[in-house]
Amino acid sequence: MKTRARLPRLVACGATLALAVTLSACGGGGGGSSADDDKIHVLVYGDATNKVEKRIVDTFNKTSDVKVVLDTIPGADYQKKLQTIISTPQAPDVFFNWGGGSIKPFVKADLLLPLDDFIEKDPGLENNFLPSVFNNAVVDGKPYGIPMRGTQPVLLFHNKKVLDEAGVKPPKTWDELLDVVGKLKDAGVTPIALGGGDVWPTQMWFQYLYDRVAGPGLFEKAVGGDKSAWESADSKKALGMIRELVDAGAFGKNYDSVKYTNGGSVQLVSSGKAGFELMGSWYYSQQLTDHKAFAEKDLGYTAFPTVEGGKGDAANVAGNTNNYYSVMKKTKHPEAVAEFLKLMYSDDFVKAQLDIGNLPTTTNTDKFIDSSGTPEYSRFQYDLVADAPSFQLSWDQAYPQKASSDMHKAVQQFFNGQLDADGFIKAMQALPTE
Amino acid sequence: MTTKTTSARLAAGPRKGPRRRPSASSATQVGRPGFAWALPAAVFFALFAIVPLIMVAVLSFMSWDGLSSPEFVGTDNWSRLMDDPVMFQSIWLTLLLTVLGVVIQTPLSILLGVWAAGHQRNRAVLSVIYFIPLLLSATAVSVLWRALLDPNFGIPAEATWLFGDGNLFGEQATAIGVLAFVSTWQFTPFHTLIYQGAARAIPHVLYQAAEIDGAGRYRQFFHITLPQLRNAMITSMILMIVGGLTTFETVLILTQGGPGTDTTISAYYMYDKAFKSFDYGTGSAIALALVVAATIISLIVVRVSGYDKMRSTMEGSS
């Protein structure tokens with residue numbers, strides 16, 4: 001009997017010992033990095049565009065001694081994961097971002113390499129990109145990012161059939177928009193589809209109206225830390241216009257229960273239940289995937305209407321200027337990184353992006369548009385962005401990441417009437433700007 | 001009838017007395033389990049529960065964005081939370097959702113559980129169907145209902161007489177209603193299972209005696225079944241309360257705490273602060289407050305209900 005009792009005790013002790021050994025082994029895991037001495041890690045938002053990035057990496061690795069390793073993180077987790085690892089030894093050498101506020105905190109924490117030296121050696125790293133796009137990754141006067149995907153201006157899309165049936169044309173001015181809203185309502189459709197459940201589509205209306213009414217200066221001031229900008233007369237005027245549009249029933253009543261991300265608002269437009277939707281340029285390929293016949297025949301697009309008397313240039317656009325590659329200061333192979341970044345304006349890169357429906361923002365993009373999959377649409381976007389005096393980066397990307405949640409709440413509450421203009425202004429003033 | 005009763009009593013009778021002896025003797029033979037037995041579990045518990053809890057407690061007195069090194073700020077995070085209307089609203093919403101869950105799910109699952117414990121035809125088949133929602137992950141369930149309740153293409157679009165314009169996620173009252181409904185839909189099967197097991201364990205003789213005394217089905221239910229389900233009810237309610245206080249996925253997927261902050265319950269507010277606003281200090285403070293609150297509430301329920309004494313429901317002693 002005694003031996004039987006001893007056995008389990010022995011097993012338990014052994015298990016504990018094994019556990020302790022395993023745990024101490026975990027602690028020493030950092031030693032593996034020495035094998036990575038001749039590699040550069042590039043961290044990218046994981047989605048369909050990765051196939052282009054893989055191709056570029058393969059091209060680079062063929063001729064380079066220092067090899068690039070592409071790491072991808074699924075989109076929804078990207079920002080969180082990046083913030084978690086960026087100040088640790090696991091941080092990549094080069095990483096994907098949205099420019100603007102998305103890299104500001106990293107610059108402040110002294111983690112990023114200013115790209116002046118790279119550009120001095122190869123001015124093409126700056127000159128080969130559209131200036132309005134390139135400047136978006138400039139923080140405190142120094143460039144910190146090289147554009148690496150496509151530009152995503154926000155456009156006003158519409159269902160041609162619905163507009164024809166109601167006897168209206170896409171509006172060119174704000175007053176025309178209000179008029180069209182009334183007519184579409186009379187025709188029994190929701191004038192404008194809005195995925196309010198996601199909130200960022202709601203925010204797009206704020207971005208554009210503030211830009212049209214006050215010009216880009218107001219938001220620049222606000223995001224720069226001057227909170228009085230939100231109290232200005234222009235700010236109140238823009239808010240009044242949003243209120244007017246919502247109260248006119250432009251978005252129907254149940255927009256907050258509709259999402260863009262689950263295809264709800266997309267289907268509203270394609271099925272003819274709604275006339276318009278304000279959305280980033282990726283909308284076209286989304287419709288093409290979800291509702292092919294509609295996208296090819298009845299999907300129309302125009303720029304955001306102008307506002308009479310507004311200070312902003314009617315040609316200004318808003319949206320995501322582009323995505324960028326930024327370089328970590330700690331990288332051991334800055335020369336190789338510089339060589340890798342040069343591929344972002346190569347002909348091969350531009351062609352590959354155009355093939356999958358992205359619109360790169362290099363100066364040589366123009367040459368390849370006509371041979372792309374959707375030349376007319378690409379051309380429209382390209383001219384819009386190239387001619388834009390200012391490209392307003394999405395508010396939630398321009399502000400530091402930590403402000404986006406509170407900003408979304410304010411936007412949604414103002415839209416629903418839970419906050420009045422003063423409440424909204426206060427909420428925006430409370431946002432952290434650095 | 002009588003023979004059956006006696007045989008049941010005979011079978012149950014001897015269980016009480018001599019049962020202790022063999023277990024006591026085997027204990028002396030094998031020896032009391034030493035500390036070594038608990039060591040692996042204790043090490044795991046310390047590593048994955050106690051240590052993180054202490055770290056969260058420390059972090060709640062710091063300001064940290066995940067980038068720079070944490071900075072000690074004393075009780076700043078806590079005092080800011082005390083002045084934060086959203087925090088108070090979130091506590092109130094958490095309690096509301098928890099109470100709604102208990103109030104709606106308890107009667108439902110008792111009825112279903114008692115019914116499922118019977119011998120009706122097709123009972124087994126229907127029980128399996130009732131059980132399906134529990135097999136789905138909360139995430140899948142939330143995605144499913146989000147789509148089903150879409151105002152333009154879901155059920156509300158077809159049943160306008162019931163849902164009006166279908167703006168279920170756009171107003172506070174209806175959004176909370178949806179959250180309560182979805183958790184009820186998912187978790188009632190689990191509690192039904194608890195009640196089914198408990199109802200099956202009720203000695204049959206009690207019903208037979210009641211029948212002889214002329215008690216009808218309803219009297220049997222209220223005077224035998226319900227009192228005998230007491231302990232199961234407490235177990236189930238504690239699980240509901242703890243589950244209610246820590247609800248998260250349904251809110252994350254169905255409403256994202258919105259519209260505005262209308263459905264921002266405490267657990268979601270913690271996530272929002274820590275992982276969306278990168279304010280890990282405040283997030284930790286909320287998390288700690290939630291741990292303390294859930295512990296206190298559970299203790300109160302245990303004390304008030306007498307669960308700690310766990311009175312026996314064995315025949316004759318209830």
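## A serine in a strand

Strands here are DSSP runs of E at least two residues long, numbered from the N terminus. In this predicted model, A:Ser326 sits in one of them, strand β12 of chain A, which covers residues 324-327.

Is A:Ser326 buried or exposed? A:Ser326 comes out at 0% relative accessibility, so it counts as buried. Its side chain reaches the backbone oxygen of A:Tyr144 at 2.7 Å. Setting aside neighbours within four places in sequence, the contacts of A:Ser326 include A:Asp93, A:Phe95, A:Leu112 and A:Gly145.

## Where the chains meet

Now for the interface: 39 residues of chain B are in contact with 39 residues of chain A. The area buried between the two chains is about 3,300 Å², and carbon and sulfur atoms give 55% of that. B:Leu67, B:Phe153 and B:Phe278 supply 21% of the area that chain B buries against chain A, more than any other three residues.

On the polar side, there are 14 residue pairs in polar contact across the interface. On chain B, helices α2, α3 and α15 each give two or more residues to the side touching chain A, with α3(B) giving the most, at seven. By class, that side has 19 nonpolar, eleven polar and nine charged residues.

## Helix α15 of chain B

Helix α15(B) spans residues 266-276, and eight of its eleven residues are buried, so it's largely enclosed by the rest of the structure. B:Asp272 is one of those buried residues, and B:Asp272 forms a salt bridge with A:Lys409, the closest N and O atoms being 3.4 Å apart. The count between the chains is one salt bridge. Just after the helix, B:Phe278 takes a positive phi of about 50°.

Terms used. Residues numbered from 1 in each chain as written. Chains lettered and ligands numbered in written order. Predicted model: local features only at pLDDT ≥ 70, side-chain atom pairs only at ≥ 80, totals over all residues. Heavy atoms only, no water. Helix = DSSP H or I, 4+ residues; strand = E, 2+ residues; numbered from the N terminus. Buried < 20%, exposed > 50% of the residue type's maximum accessible area, 1.4 Å probe, protein only. Polar contact = N/O pair within 3.5 Å; in protein donor to acceptor, adjacent residues only side chain to side chain. Contact = heavy atoms within 4.5 Å. Buried area = accessible area lost by both parts, 1.4 Å probe. Salt bridge = Lys/Arg side-chain N within 4 Å of Asp/Glu carboxyl O. Nonpolar A, V, L, I, M, F, W, Y, C, P; charged D, E, K, R; others polar.
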